Amino acid sequence: MDPTTDRLKTPRAAGMAGVAFALLLGAAIVLMRISIPGDAADAAIDQDRRWAVQLALQIVPFAGIFFLWFMGALRAHTGAAEDRFIATVFLGSGFVFVATLFAAAAAAGTVLNEETPSDFGRHYAYTLLATYAMRMAAVFVLATSMIGRTLGVFPRPLALLGTVVGLVLIVVGAGVPWSEMLFPAWALVISLYILRVRRTAAPADGSGPP
């Protein structure tokens, strides 16, 4: 197998997985928001839109799977030159994010199946997603941006964008509705950049059309 082709397949895999993750997580967040309007921690589920929550819960596992693929492909793309400290933060925050995302989905599913959903259940599911999962997402964004800036994988504006997104997610958290959409939006931008770079690099390296 040509090593040049292998190097080009990795960014492409990262880009495709990142796009899938961004679209799935974004769709899940939108579905949850339209079914729990306003302050989601205090609002009850709209009974006419329970289908939206059920659909979101079906989407979340696939979003987590694509996120893990996205993580692995990004790490392979950075290679052996990555800083071990930052790489540990990168991996740890990514794994905790997925675990917390799944726990939030499981908690929301339990609340949804109750005939009379409890306030504690809603608070618990919402806090897991909007506070803990998004804070871990912020750490992941910051670590990825730092790795990209240090190794030159991402251009300076893209690394700066990730730093801003990470800081906003850490500081704002669940305080501003829809702020959690920043994470899938960032993942989509990163993924599209990786795919664009791959398309321009493939012809130059003689590996054929993308």
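**Surface, fold and core**

Modeller: The chain exposes about 10,400 Å², of which carbon and sulfur atoms supply 67%; accessible areas come from the Shrake-Rupley method with a 1.4 Å probe, and for residues only the protein chains shown count as cover. This is a predicted model, in which local features need pLDDT of at least 70 and side-chain atom pairs count only at pLDDT 80 or more, while totals for chains, interfaces and linings use all residues. Residues are numbered from 1 along each chain as its sequence is written, and side-chain values use heavy atoms, with hydrogens and water left out.

Colleague: How many helices and strands does the chain have?

Modeller: There are six helices and zero strands, where helices (H or I, at least four residues) and strands (E, at least two) are DSSP runs numbered from the N terminus.

Colleague: And what share of the residues is buried?

Modeller: Of the 210 residues in the chain, 46% are buried, meaning under 20% relative accessible area, with exposed over 50% and partly exposed in between (1.4 Å probe, protein chains only).

Colleague: Okay, Phe67 next: where is it, and is it buried or exposed?

Modeller: Phe67 sits in helix α2 (residues 50-78), and it counts as buried because its relative accessibility is 1%.

Colleague: Which residues does Phe67 touch?

Modeller: Leaving aside residues up to four places away in sequence, Phe67 touches Phe21, Gly94, Phe97, Val98, Phe140 and Phe183, a contact being heavy atoms within 4.5 Å.

Colleague: How many aromatic pairs are there in the whole structure?

Modeller: A search finds 13 aromatic pairs; rings of Phe, Tyr and Trp (its six-membered ring) pair if their centres lie within 6.5 Å, and planes under 30 degrees apart count as stacked, over 60 as edge-to-face and the rest as tilted. Phe67 and Phe97 form one that is edge-to-face, 5.1 Å centre to centre with 65° between the planes. That pair links distant parts of the chain, since Phe67 is in helix α2 and Phe97 is in helix α3 (residues 84-113), 30 residues apart.

Colleague: Which residues form the aromatic cluster?

Modeller: Phe21, Phe67, Phe90, Phe97, Phe140, Phe183 and Trp186 form one aromatic cluster.

Colleague: Changing topic, why does Ser191 count as buried?

Modeller: Ser191 counts as buried because its relative accessibility is 0%. Ser191 lies in helix α6 (residues 182-204), and a polar atom of its side chain is 2.7 Å from the backbone oxygen of Ala187.

Key: Polar contact = N/O pair within 3.5 Å; in protein donor to acceptor, adjacent residues only side chain to side chain.
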